[in-house]
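Welcome! Take a moment to look over the sequence and the model, and then we can walk through a few of the features together.

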Amino acid sequence: MSSKLYGYAGKLLRINLTDGSIKVEPLSREVIRGFIGGRGMNMRMLYSEVRGADPLSPMNKLYISTGPLAGTGFPLGSRLNVSGKSPQTGLIGDSNVGGHFSAEMKYAGYDSIILEGRSERPVYIYISDGEVELRDASGIWGRRISDAYSEILRELGDWRAQIALIGPAAEKLVRYSGIFFNLYRPAARTGMGALMASKKVKAIAVRGDGYVEVARPAEFERIVDEIEEETYAHPQFWPRRIMGTSRILMAANRLGILPGNHFKEPVLDYAFEVSGEYLALKYNVKSMSCFSCIVNCSRFFLVKDGEYSGLMGEGPEYEALAGMTARIGNSDLNAGLKAISLLNDLGMDVISTSEVISWAMELYESGALKKEEIGLELNWGNMDSVMKLIEMIAGREGFGDILADGVAKASERLGKGREIAMHVKGLEMIQVDPRGLKGYGLGFAVASRGADHLRSEPFIELSDDPKIGEAMFGEGEATLRLGVRGKGKLVAYYENICALVDSLEVCKNLAENMDLLNYERVAKLMGAVTGLDFTPEEVRDIGERIVNLERAFNIREGVTRADDRLPKRFLEERIARGPSAGHLMELDRMLDEYYEVRGWDRERGIPSRGKLMELGLEDVILDLEANGIKLP
């Protein structure tokens with residue numbers, strides 16, 4: 001076997017901010033074979049290196065890693081994961097993002113960047129062809145993302161540099177602040193921005209003139225040609241190219257699963273006026289893409305008239321679009337786009353922000369929260385107040401300081417609204433009502449980073465075709481969106497795939513929504529790129545290994561079955577109207593099946609010793625037992 005490592009840069013970069021030391025480590029083949037890269041590699045390091053730490057202390061670490069396909073020209077294969085212990089939840093912190101940073105990082109010579117310790121003064125990190133500098137960032141500390149981005153580019157004098165940076169919200173340690181890649185690409189979930197800010201790092205800029213070599217070029221090109229042809233021919237191709245995920249808004253309205261007025265209105269009569277279709281017709285001026293992508297699902301919009309005329313930007317995707325319209329009762333698309341742009345520039349997660357604001361709105365509308373407490377009138381769709389409240393949260397001013405820690409902590413601090421706080425394990429719910437999409441709902445409940453659809457995203461459930469469920473899982477209900485049986489198999493199956501593709505760092509457009517990357521094809525792809533032979537069974541096990549490792553991390557932090565819950569509204573209040581009327585989540589039935597499929601203890605949700613042994617996680621067994629956790 002050749003000693004040369006293909007497909008990877010082959011090096012991990014560790015930067016200790018406390019003493020300014022820089023260390024380069026080789027990427028081991030054992031890590032590649034067990035976890036591939038990206039999310040998997042981050043989780044392996046996080047589990048081993050961070051235990052019991054305060055998430056905002058120097059003991060926590062920030063991991064930025066990509067996979068073997070970034071920089072190779074593989075279509076839709078240039079994403080990366082940002083991971084650490086979450087300042088928002090105290091559990092797994094992780095966020096996946098596209099763009100051009102990951103390919104540039106590989107060309108600069110690194111598969112991973114790991115930040116440790118804490119700097120005494122604000123710095124930004126400049127990585128250029130293997131060289132690493134810590135530069136003074138005092139002049140841009142406190143500046144908004146667009147401003148700081150331009151200033152760094154001017155200082156570097158290199159307009160091809162790729163930059164990851166934080167905004168003023170992160171510097172104020174807003175618990176759901178993110179890291180933004182080139183202005184519009186946020187890794188915003190679970191508070192990775194606050195983690196980076198706690199290390200006094202404003203930005204990371206990378207630039208490289210290197211290249212990535214694949215082991216078997218002819219075989220690699222043949223696989224790429226096959227995938228490109230199938231992508232262009234796929235029925236999902238054109239809708240995704242024209243609207244990206246923004247098209248989900250109208251689809252969710254048709255199914256009666258929109259989060260209108262904080263999940264009280266599943267169908268909206270103004271849905272079209274704030275939809276992806278309307279954006280495509282009236283606002284979009286061109287398409288955009290991540291590095292080497294052929295779908296080009298992102299778009300650039302321009303507001304052409306009204307109060308916000310001239311406003312422009314990339315996106316938005318569905319979560320931002322629905323968050324700043326439907327969820328807060330806003331039918332003014334221009335104002336919604338302005339709010340999204342403001343959130344991006346301040347550096348906050350739009351999903352969490354939409355929850356804390358819509359939660360406060362529901363309390364205000366019911367009379368449980370008064371204007372005197374907020375400092376604003378906060379009725380549904382009051383966008384003047386929404387803009388002000390966003391600024392107050394980012395600056396931790398007044399009532400904004402209460403919301404800046406997330407809806408779970410805000411409800412505790414205020415002593416009201418706990419029963420309508422829409423979160424799982426401290427992470428706010430996305431923009432879909434699980435009562436009308438039950439496999440997704442189970443996925444929210446068990447996701448390792450809290451209420452999150454991208455840990456499983458059982459997209460096939462939207463087929464509503466029992467024949468598919470019967471063929472894939474032996475249970476027709478598994479692929480019926482309102483069905484209950486078979487959901488444990490469905491979610492576990494897609495969780496494993498998501499963990500795998502997040503480690504390859506491939507976009508879920510390709511791997512899940514178009515279903516073009518099965519285990520057999522991934523095994524062939526890994527062989528062509530790395531020269532290391534994998535079987536389909538081995539790559540399948542990698543996904544399952546990562547899911548179990550993440551569960552073990554959370555178990556070590558105290559998670560049990562009692563934490564795999566959904567907000568009370570979804571369990572006890574039936575959807576009032578629309579195509580999903582009368583439904584609620586039958587969570588416990590689905591949880592029992594899920595734990596059984598996973599090989600986890602049904603009462604506590606703890607992975608069994610046999611399952612961990614089967615996945616080669618013997619060190620995790622010893623570690624959990626050393627921490628007093630009895631394994632089934």
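Which residues do ring pairs link into a cluster? They are Y232, F237 and W238.

## About the model

This is a predicted model, where local features need pLDDT of at least 70, side-chain atom pairs count only at pLDDT 80 or more, and totals for chains, interfaces and linings use all residues. Residues are numbered from 1 along each chain as its sequence is written, and side-chain values use heavy atoms, with hydrogens and water left out.

## Aromatic rings

The structure holds 15 aromatic pairs. Rings of Phe, Tyr and Trp (its six-membered ring) pair if their centres lie within 6.5 Å; planes under 30 degrees apart count as stacked, over 60 as edge-to-face and the rest as tilted. Y493 and Y494 are edge-to-face, because their ring centres are 4.9 Å apart and their planes stand at 85°.

Buried means under 20% relative accessible area, exposed over 50%, and partly exposed in between (1.4 Å probe, protein chains only). Y494 is buried at 6%, while Y493 is partly exposed at 33%.

## Charges over rings

A charge sits over a ring if NZ of Lys or CZ of Arg is within 6 Å of the ring centre and within 35 degrees of the ring normal. R33 lies over the face of F534, at 4.3 Å from the ring centre. Likewise, the charged end of K286 is over the ring of F300, 5.9 Å from its centre.

## Nonpolar cores

A nonpolar core is a set of buried Ala, Val, Leu, Ile, Met, Phe, Trp, Tyr and Cys residues joined through side-chain atoms within 4.5 Å. The largest one has 161 residues, and I390 and I393 touch the most other members. A second, separate core of 31 residues includes L13, L62, A108 and V123.

Leaving aside residues up to four places away in sequence, I390 touches M324, A339, L342, L343, L346, M348, T353 and I357; contact means heavy atoms within 4.5 Å.

## An open sheet

Six strands form an open sheet with mixed pairing, in the order β8-β7-β12-β9-β10-β11. Strands are DSSP runs (E, at least two residues), numbered from the N terminus, and two of them pair if DSSP finds at least two bridges between them. At the edges stand β8 (131-136) and β11 (185-187), each with a single partner strand, so one side of each is left without a neighbour in the sheet.

Within the sheet, β7 (residues 123-128) and β12 (residues 201-207) pair in the parallel sense over six bridges. I125 stands opposite I204 in β12.

Note on methods
Helix = DSSP H or I, 4+ residues; strand = E, 2+ residues; numbered from the N terminus.
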